[in-house]
Amino acid sequence: MAAPRGKALTTFAILFALLGVSNALKPLEASATQGFVLFGHRLSGTPNLIAGPAFALLLWAYAAGIWGMRRWALPLGCVYAAYVVVNLVAFMVASPDVPPLVFMLGYAVIAIGVSSGAAYLLYTRRDELA
């Protein structure tokens, strides 16, 4: 039986599940300033239709892995945390519609903090993962 998650990992699992919902809905809200961002590029059309739901499935799997304290959630979390950093940097470099720096810094702190924080907590509890 898996160890109890604790409040922080429970919160992270819920946040990743909600982010999955947001990504699943990306094809419905696509516009010049909306749509899934993949490696710094805002997608539209068919790529957006595929990438948004695909990442939703990935995030739902990750949330389920955290929720169940599964061993496979740790490498998935590490890869996702690295992707978040790469995606943020690529977006700031490649996109012509980058929001103001203050907003981007705040967003980056939250995005990197949540993605890396969850991976770090899983890492610190790696011996408890089933």
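Predicted model: local features only at pLDDT ≥ 70, side-chain atom pairs only at ≥ 80, totals over all residues.
Now widen the view to the largest nonpolar core, which has 28 residues. Which of its residues touch the most other members? They are Phe16, Tyr62, Ile66 and Leu122. Colour the elements that give two or more residues to this core: H1, helix H2 (45-67), helix H3 (73-94) and H4. Of these, H3 gives the most, with seven residues.

Next, go to helix H4, residues 101-124, and pick Ala108. Is Ala108 buried or exposed? Its relative accessible area is 16%, under the 20% cut-off, so Ala108 is buried. Look for its contacts beyond neighbours within four places in sequence: they are Leu88 and Gly113. Then draw a line from the C-alpha atom of Ala108 to that of Ala63. The two atoms are separated by 20 Å, and the residues lie 45 apart along the chain.

Finish on the surface. Select Val21, Leu25, Leu28, Leu57 and Trp60. Together they form a nonpolar patch with about 500 Å² of accessible area. Zoom in on Val21, which sits in helix H1, residues 6-24. Its relative accessible area is 39%, between the 20% and 50% cut-offs, so Val21 counts as partly exposed.

Technical notes:
Residues numbered from 1 in each chain as written. Heavy atoms only, no water. Patch = residues over 30% accessible without salt bridge, like charges linked within 9 Å, V, L, I, M, F, W, Y side chains within 5 Å. Areas by Shrake-Rupley, 256 points an atom, 1.4 Å probe, with all protein chains shown as cover. Salt bridge = Lys/Arg side-chain N within 4 Å of Asp/Glu carboxyl O. Helix = DSSP H or I, 4+ residues; strand = E, 2+ residues; numbered from the N terminus. Buried < 20%, exposed > 50% of the residue type's maximum accessible area, 1.4 Å probe, protein only. Contact = heavy atoms within 4.5 Å. Core = buried A, V, L, I, M, F, W, Y, C linked by side-chain atoms within 4.5 Å.
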